[in-house]
Amino acid sequence: MEVVDKSHLLIDNPIDLSYGATIADFDGDGINEIFVATQGGANHLFKRMGDGFVEITPKALMDESCSALGVAAADVTGNGLPDLYIMNSNTFAGALTEPDRLFLNLGNLQFHDLMVNHPDRNIAAGRSVAFTDPVGSGYIGLYVANYGAPSKMYVSNGKGYFRNEAPVGHGLGVIAGGRSVVSQDILNSGRMDIFVLNEGGPNLFFRNHEEMFEESAEELGLDDPDGNGRGVAVCDFDRDGMIDIVYCNWEGEHRILRQLDEGGFVDVAPAQFSEPSKARNIIVADLDNDGWEDIFLNNMEEPNRLFFNNRDGTFREVDPGPMLLPDGTGTGATCGDLDGDGMLEIYICHGESMPMRNRLFSLAKNENHWLRVQPLTPAGAPAIGARVELHFSQPMTRFIDGGSGYLCQMEPVAHFGLGPSEFVPTVYVRWSDGCESYLKEVKADSFVKVPHPETPEADADA
């Protein structure tokens, strides 16, 4: 399978110290943009126009006075537009002087920082952030993984009011070497769990028991106390209906953790994959649309690596072609279908050790079919935390991402490769608030938006 370098499409592509990135439709026109966090300069918002991506960054999001690292987007006010959390950090660990931002999207690319006068805004060396629905209310809050300072869990009333409910120094407010965070219904309880990768200490898994979180990483086999975590993704790489976890460690063994029917996780990574490297980020997605999720491992100043799924939950390493980038200064990476052709693109941020241009790649278009599903909130925004299943003899499962990888967030769409299948018998959607929908006999090669059941026109559309 050929890897295609699409970096020439990045018409505005400055030489920068780029870190995290997220993909979302910030201007509400139905076309996703790429937001890139930058250290030592302005942040960037790139939009596909004509034959390439050009910069359309509004002044507020440039935020040139701060040093941006991690980013994620979600509609926290219920107006149907994605708001943007920017994690700023000008120091390695502990407290700092640059506060995080939560830019509320007012429409027409106008933004206002909700956290300007917030009594508990995050002013610490954060690394990653993930939007989540901790109590299953449908109101989106977020978890901030800090390094050497208390992490924070902001809960929301759905109208832009946030408060931190993480106790300082323990539980969700633990002081650790937080690097990456992902929040999804990993244990299939109907509530969104939180998994945090740490550096210099064990990982943390906060099992969601309705309104109480229980730290369970060691019990589940996820603590990895000698690891130095970086990128993380949740998936179902073996299509058994159980949610698995894939993550990378900085100069340590990388993990493919299969969830067991009897509970807990076991590392099934082959030696070729687990081999230590200067790993920064990891993406798990069906890059060739054959129906099975593949893995891209983004390294810094070492060759990147690409692993194809053997269509049985095992992996083989393949030549990443131009995506090898042996001298790349890779930091963040995100993926999404940026041109609407049904193939996922991977956008790679460069810049930690030296300024570089960012890069864009995808696999060459093939004959495999695909389906893209986007569950919506009652306001019409992507429904963070929604679970989407395709019911074949072996199920396929995806989530709408609220933040994953390292410093980054993937596009808010459940992307499925279908191989030769021209339709899907059943599409099942479960929102974070427990609402459900079923779609029958869905045609392949289409993008399906699924309204929330409480949306007035939902019955007619479904």
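The questions and answers below go from the whole chain to single residues.

Tutor: This is a predicted model, in which local features need pLDDT of at least 70, side-chain atom pairs count only at pLDDT 80 or more, and totals for chains, interfaces and linings use all residues. Residues are numbered from 1 along each chain as its sequence is written, and side-chain values use heavy atoms, with hydrogens and water left out.

Student: What is the mean pLDDT of the protein?

Tutor: The pLDDT is the predictor's confidence in each residue, from 0 to 100. Over residues 458-462 the pLDDT is below 50, but 98% of the residues of the protein reach 70 or more. The mean pLDDT of the protein is 94.

Student: How many strands does the protein have?

Tutor: Helices (H or I, at least four residues) and strands (E, at least two) are DSSP runs, numbered from the N terminus. By that assignment the protein has four helices, and its strands number 35.

Student: What percentage of the residues count as buried?

Tutor: Buried means under 20% relative accessible area, exposed over 50%, and partly exposed in between, with a 1.4 Å probe and protein chains only. For the 462 residues of the protein, the share that counts as buried is 65%.

Student: Is His118 buried or exposed?

Tutor: His118 is placed in the loop between strand S9 (110-113) and strand S10 (126-132). Its relative accessible area is 15%, which is under the 20% limit, so His118 is buried.

Student: Which residues is His118 in contact with, leaving aside its neighbours within four places in sequence?

Tutor: Contact means heavy atoms within 4.5 Å. A polar atom of the His118 side chain lies 2.7 Å from the backbone oxygen of Phe162, and a polar atom of that side chain lies 3.0 Å from the backbone nitrogen of Asp120. Once neighbours within four places are left aside, the contacts of His118 are Tyr154, Phe162 and Arg163.

Student: What is the angle between the planes of Tyr154 and Phe162?

Tutor: Both Tyr154 and Phe162 are buried. Their rings form an edge-to-face aromatic pair, with 6.4 Å centre to centre, and the angle between the planes is 65 degrees.

Student: Which residue has a side chain joined to that of Asp238 by a polar contact?

Tutor: Asp238 lies in the loop between strand S18 (229-235) and strand S19 (244-252), and at 11% relative accessibility Asp238 counts as buried. A polar contact is a pair of N or O atoms within 3.5 Å; within protein, one must be able to donate a hydrogen and the other to accept it, and residues adjacent in sequence count only if both atoms are side-chain atoms. At 2.7 Å, the side chain in polar contact with that of Asp238 belongs to Arg258.

Methods
Rings of Phe, Tyr and Trp (its six-membered ring) pair if their centres lie within 6.5 Å; planes under 30 degrees apart count as stacked, over 60 as edge-to-face and the rest as tilted.
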